[in-house]
Amino acid sequence: MYGPYSAPGMRTRQSSMFKPKKPVFDRKAMWEPADSDEDDDGAGGRRKEAASSAISSSVLPRILHIIPRLRTPYTPDACEAVKELADITNTTTQDEDELVGGEGLIEAVMTVLCKGSAAGKVYAAWALANLVAKVEGNRVKVAAQMAALQALVAMAASNGEKERGAAARALLGLSSSRDAADALMRVEGFVEAVAGLVLTAKMSTKEEASKAFDILVANGWHLAEAIGSVESALQALKSSARSHNCSSRARMHSLSALHTLSRCEKLRDTLHRSRVSEDVFLPLLADEGTGRHSSEMLLLATMGAANLLRGPDDNVLAERRASVAGMVPALAATVQMGGPQPRLSRRSGHLLAALCSAARNSGLRKVMVEERAMELCMDVVTVAHKQGQRGQCLRLIMRFVLLLSFDEGARERMAVLDYVSMLRAHTKGPDAAIRRCCSATLWSMGERGDVVAVTAAEQG
């Protein structure tokens, strides 16, 4: 998932008297810019946490005293109690959030969210946003209460900016939990409500709604397919990604979500009908004024446009060869050098998928070969083979090598780099898809005897 944590000019939140905590997510499935450092003073920024041992002794008794006051949700005292709770949970640590979540606090807050006064519901949403920001167990508890999720969606679909802001932050915190994401998708009007926030909410809320979409579509293909099938969601993401009136953060998250959708084969026809490439990706490649993180936004647009190429004869990227060439060094930059040995990241898989799609075009293949793609592929194959999780990335890189082998210049470089030995070694590996790619590449290089031998061994 892409996106910085703050945007220029977005330094205050008008819908609350306090600064709620930022949600913490599992980054493995997300595409982040290299400098996505958290800005504690950013929109809705988190206050610096004090040490858990210094706070727990005073926080827990205060919260335990608040819980009984929440059990009569319609009273003014309950509204004051949940307001106080929202302020307290602003500065609690992850351990403290997990601790108080097991004391019946989540259930009490959800009672106010569903049955409290209008003001009480807003404070309850902020309190929930704080409590689910870092603790998966708290997210799962909220996900189990359909009434609470429906209340949050109703607030997101309302006209009040305070209600929309509170709901957006709570939904953002829930979106990284697969249990909560699946539950939210079962709430009628959820996707449309978030799309409405992306389109019409104030900027800080728009940023959080677009980030929620970005996280949701990265959380599973079934979620991506469900969201990508809703026309209002596509139109909202398109509008945000291409709008210069949006903050760079909102644009980045919207563009990242569209790129993830472009990787889903079942959505390709839908995205073509919605003209996502023509209306978003290609105009971005022609526009150098993309603001903050422009290089990464251009890379996302290039990958998205490559994923949506209709076939070998689609030349929409013919005039953007420099952008296509830029994916090759970008792939090299995804190799993680820390640790005992180099490793490929999920970003590597995203780039390899886009490179494979673009490599079907003969003109774009030549651009990649000129950018020394063959030398890079040899290094990436070595890293992928030594890495414990060999599967998808190694399959993609072997498919990329096969596609490049149809270029004469690539075959010449492969001969110089001794690709034959490497390919022969992988024809004996355990993965059938990799064996087939290696055999086909050897055939393309003229090593027909190896292919016959491999085929006979498999048939035997």
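Helix α10 (residues 190-200) and helix α13 (residues 231-242) pack with their axes 9 Å apart, at an angle of about 20 degrees. An angle under 35 degrees counts as roughly parallel, so α10 and α13 are roughly parallel to each other. Keep in mind as you look around that this is a predicted model.

**The α10 and α13 pair**

- The crossing of α10 and α13 is left-handed.
- On the α10 side, the contact is made by Val191, Glu192, Ala195, Val198 and Leu199.
- Facing them from α13 are Ser232, Ala233, Ala236, Ser239 and Ser240.
- Sorted by class, this contact of α10 with α13 has six nonpolar, three polar and one charged residues.

**The α2 and α5 pair**

- Helix α2 (residues 76-88) and helix α5 (residues 118-131) have axes that come within 8 Å and cross at roughly 30 degrees.
- That angle is under the 35 degrees cut-off, and α2 and α5 are therefore roughly parallel to each other.
- The crossing of α2 and α5 is left-handed.
- From α2, the residues in the contact are Cys79, Val82, Lys83, Leu85 and Ala86.
- From α5, they are Ala119, Gly120, Tyr123, Ala124, Trp126, Ala127 and Asn130.
- By class, the contact of α2 with α5 has nine nonpolar, two polar and one charged residues.

**The α6 and α9 pair**

- Helix α6 (residues 136-143) packs with helix α9 (residues 178-185) at an angle of about 20 degrees, and their axes are 8 Å apart.
- This angle makes α6 roughly parallel to α9.
- As α6 passes α9, the crossing is left-handed.
- Arg139, Val140 and Ala143 of α6 make the contact with Asp179, Ala180 and Ala183 of α9.
- The class count for α6 with α9 is four nonpolar, no polar and two charged residues.

**Loop residues with a positive phi**

- As background, most residues other than glycine have a negative phi.
- Arg275 has a phi near 55 degrees, a positive value in a residue other than glycine.
- You will find Arg275 in the loop between α15 (268-273) and α16 (276-286).
- Arg275 counts as partly exposed because its relative accessibility is 43%.
- Arg372 also has a positive phi in a residue other than glycine, with a value near 70 degrees.
- Its place is in the loop between α20 (362-370) and α21 (373-386).
- With a relative accessible area of 53%, Arg372 is exposed, since the exposed class begins over 50%.

**Pro342 and its loop**

- Pro342 lies in the loop between α18 (321-333) and α19 (346-358).
- Pro342 has 30% relative accessibility and therefore counts as partly exposed.
- Thr382 is 40 residues from Pro342 along the chain, and the C-alpha atoms of these two residues are separated by 9.6 Å.

**The chain as a whole**

- Of the 460 residues in the chain, 57% count as buried.
- Among contacts between residues at least 6 apart in sequence, 73% join residues at least 24 apart.
- The accessible surface of the chain comes to about 18800 Å².
- Carbon and sulfur atoms account for 50% of that accessible surface.

Key: Residues numbered from 1 in each chain as written. Predicted model: local features only at pLDDT ≥ 70, side-chain atom pairs only at ≥ 80, totals over all residues. Heavy atoms only, no water. Axes fitted to C-alpha atoms, helices over the stretch in contact; angles between N-to-C directions. Helix = DSSP H or I, 4+ residues; strand = E, 2+ residues; numbered from the N terminus. Parallel < 35°, antiparallel > 145°, perpendicular 65-115°, else oblique. Left-handed = near helix turned anticlockwise from the far one by under 90°. Contact = heavy atoms within 4.5 Å. Nonpolar A, V, L, I, M, F, W, Y, C, P; charged D, E, K, R; others polar. Buried < 20%, exposed > 50% of the residue type's maximum accessible area, 1.4 Å probe, protein only. Areas by Shrake-Rupley, 256 points an atom, 1.4 Å probe, with all protein chains shown as cover.
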